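Colleague: Could we go through this structure together, with the general idea before each case?

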Amino acid sequence: KSGFVSIVGRPNVGKSTLLNKIVGQKIAIMSDKAQTTRNKIQGIYTTPESQIVFIDTPGIHKPKHRLGDFMVSSAFSAFREVDVILFMVNVAEKRGPGDNFIMERLKTAKSPVFLVLNKIDKIHPDQLLPIIEDYRSLVDFAQVIPISASDGNNVDTLLAELQNYL
Ligand code: GDP
Ligand code: MG
């Protein structure tokens with residue numbers, strides 16, 4: 001099985017940290033230096049059974065000007081070309097305008113969207129369910145997966161679930 005996956009989310013939610021965990025540090029660091037390139041390959045996760053290509057989608061942010069608008073629509077058009085979109089949020093922070101902006105666009109995405117709840121190491125487990133319910137009331141997610149990208153906690157579950165959508 002092989003497929004394409006895009007990770008979206010507002011700055012600092014942990015997208016690069018997750019990529020580093022999955023595909024190795026060097027590639028993700030390189031991709032951070034080339035934020036202007038569209039649909040750039042950020043990394044490839046390969047096992048004997050599968051290959052997942054992670055695609056960068058720069059420009060997914062609240063546009064401040066016309067060029068921003070253009071970049072956003074370009075980035076979101078890439079959604080049609082991926083097998084899964086990972087929408088990453090930070091569970092240790094309140095849902096904000098940056099999250100809401102992306103979720104508005106996710107509603108028109110053709111690909112299944114996983115809600116990836118990152119930084120679960122920073123909250124008490126009891127806090128997780130209300131957060132999940134809040135996000136799920138806004139977007140119909142194909143899967144909901146809590147992780148800690150920095151610890152690597154539950155990243156194996158995320159990878160296993162991705163295989164089912166390739
Ligand atoms: P990006 O902007 O979405 O690519 O976010 P980064 O991957 O650069 O992460 C932003 C910050 O969050 C960094 O300081 C990371 O070390 C930290 N971070 C990422 N994942 C986790 C996590 O699971 N737990 C905690 N506590 N911090 C994390
Ligand atoms: Mg990053």
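Modeller: Let us begin with burial: a residue is buried if 20 or more other C-beta atoms, placed from the backbone, lie within 10 Å of its own, exposed if 12 or fewer, and partly exposed in between. This is a predicted model, in which local features need pLDDT of at least 70 and side-chain atom pairs count only at pLDDT 80 or more, while totals for chains, interfaces and linings use all residues. Residues are numbered from 1 along each chain as its sequence is written, and chains are lettered from A and ligands numbered from 1 in the order in which they are written.

Colleague: Is K119 buried or exposed?

Modeller: K119 counts as buried, because it has 22 C-beta neighbours inside 10 Å. K119 has a phi near 70°, a positive value in a residue other than glycine. N154, also not a glycine, has a positive phi of about 70°, but N154 is partly exposed, with 17 other C-beta atoms within 10 Å.

Colleague: Which residues touch the most other members of the largest nonpolar core?

Modeller: In soluble globular proteins, nonpolar side chains tend to be buried together. A nonpolar core is a set of buried Ala, Val, Leu, Ile, Met, Phe, Trp, Tyr and Cys residues joined through C-beta atoms within 7 Å. Here the largest one has 30 residues, among which L86, F87 and V116 touch the most other members.

Colleague: Which residues come nearest to ligand 1?

Modeller: A residue is near a molecule if its C-beta atom, placed from the backbone, lies within 6 Å of it. Of the 15 residues around ligand 1, G14, K15, S16, T17 and S150 come nearest.
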